[in-house]
Amino acid sequence: MKVLIVEDDGPLNSLLDRTIRRSGHEVHAVGSCGVALEVMGWRGFDLVMLDVFLPDGRGDRLIPRLRELRPG
């Protein structure tokens, strides 16, 4: 499974990344809405884990934009 983590808290981002990788999944961890949109533009993910409050926007408002990039 390919997982995108969008979390601006560095230690939490690293913890989630390590934990999910240990379970055998492929992980791409980023810290902002802008980078999440950029990554989603060139790669699809099976699961996206979003923080609600990010430095450049709200995670809950990012969901529709991510779905537009990767409707499937």
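His28 touches Val3, Leu4, Ile5, Val39, Trp42, Arg43 and Phe45, leaving aside residues up to four places away in sequence; contact here means heavy atoms within 4.5 Å. The model is predicted: local features need pLDDT of at least 70 and side-chain atom pairs count only at pLDDT 80 or more, while totals for chains, interfaces and linings use all residues. Residues are numbered from 1 along each chain as its sequence is written, and side-chain values use heavy atoms, with hydrogens and water left out.

**Strands around His28**

His28 lies in strand E2. Helices (H or I, at least four residues) and strands (E, at least two) are DSSP runs, numbered from the N terminus. At 23% relative accessibility, His28 counts as partly exposed; buried means under 20% relative accessible area, exposed over 50%, and partly exposed in between, with a 1.4 Å probe and protein chains only. Between His28 and Asn13, which are 15 residues apart along the chain, the C-alpha separation is 10 Å.

Strand E2 (residues 26-30) runs parallel to E1, and five bridges join the two. Two strands pair if DSSP finds at least two bridges between them. Within this pairing, Val3 has Val27 as its bridge partner in E2, and Ile5 stands opposite Ala29 in E2. The chain crosses from E1 through H1 to E2 in a right-handed β-α-β crossover. Right-handed means that, with the strands pointing away from the viewer, the path from the first strand over the helix to the second runs clockwise.

E1 also pairs with E3 in the parallel sense, over four bridges. Here Leu4 stands opposite Val48 in E3. Four of the five residues of strand E1 (residues 2-6) are buried, so this strand is largely enclosed by the rest of the structure.

**Salt bridges**

Side chains of opposite charge can pair when their charged atoms come close. The structure holds three salt bridges, a salt bridge being a side-chain nitrogen of Lys or Arg within 4 Å of a carboxyl oxygen of Asp or Glu.

| Arg21 | Asp17 | 2.4 Å |

Because Arg43 lies in the loop between helix H2 (33-42) and E3 and Glu26 in strand E2, the pair ties together parts that are 17 residues apart in sequence. Glu26 is partly exposed, at 37% relative accessibility.

Arg21 and Asp17 are four residues apart in helix H1, and therefore separated by about one helical turn. Asp17 is buried, with a relative accessible area of 15%, whereas Arg21 is partly exposed at 43%. In the remaining pair, Arg58 is partly exposed at 29%, and Asp60 is partly exposed at 37%.

Leu15 is also placed in helix H1 (residues 10-22).

**A buried charge without a partner**

Asp51 is found in the loop between strand E3 (47-50) and strand E4 (53-54). Asp51 is buried yet has no salt bridge, and Arg58, the nearest side chain of opposite charge, is 9.6 Å away. Lys and Arg count as positive and Asp and Glu as negative, while His and the chain ends are not counted. The side chain of Asp51 reaches the backbone nitrogen of Phe53 at 3.4 Å. Not counting residues up to four places away in sequence, Asp51 touches Val6, Glu7, Asp8 and Gly59.

Conventions:
Polar contact = N/O pair within 3.5 Å; in protein donor to acceptor, adjacent residues only side chain to side chain.
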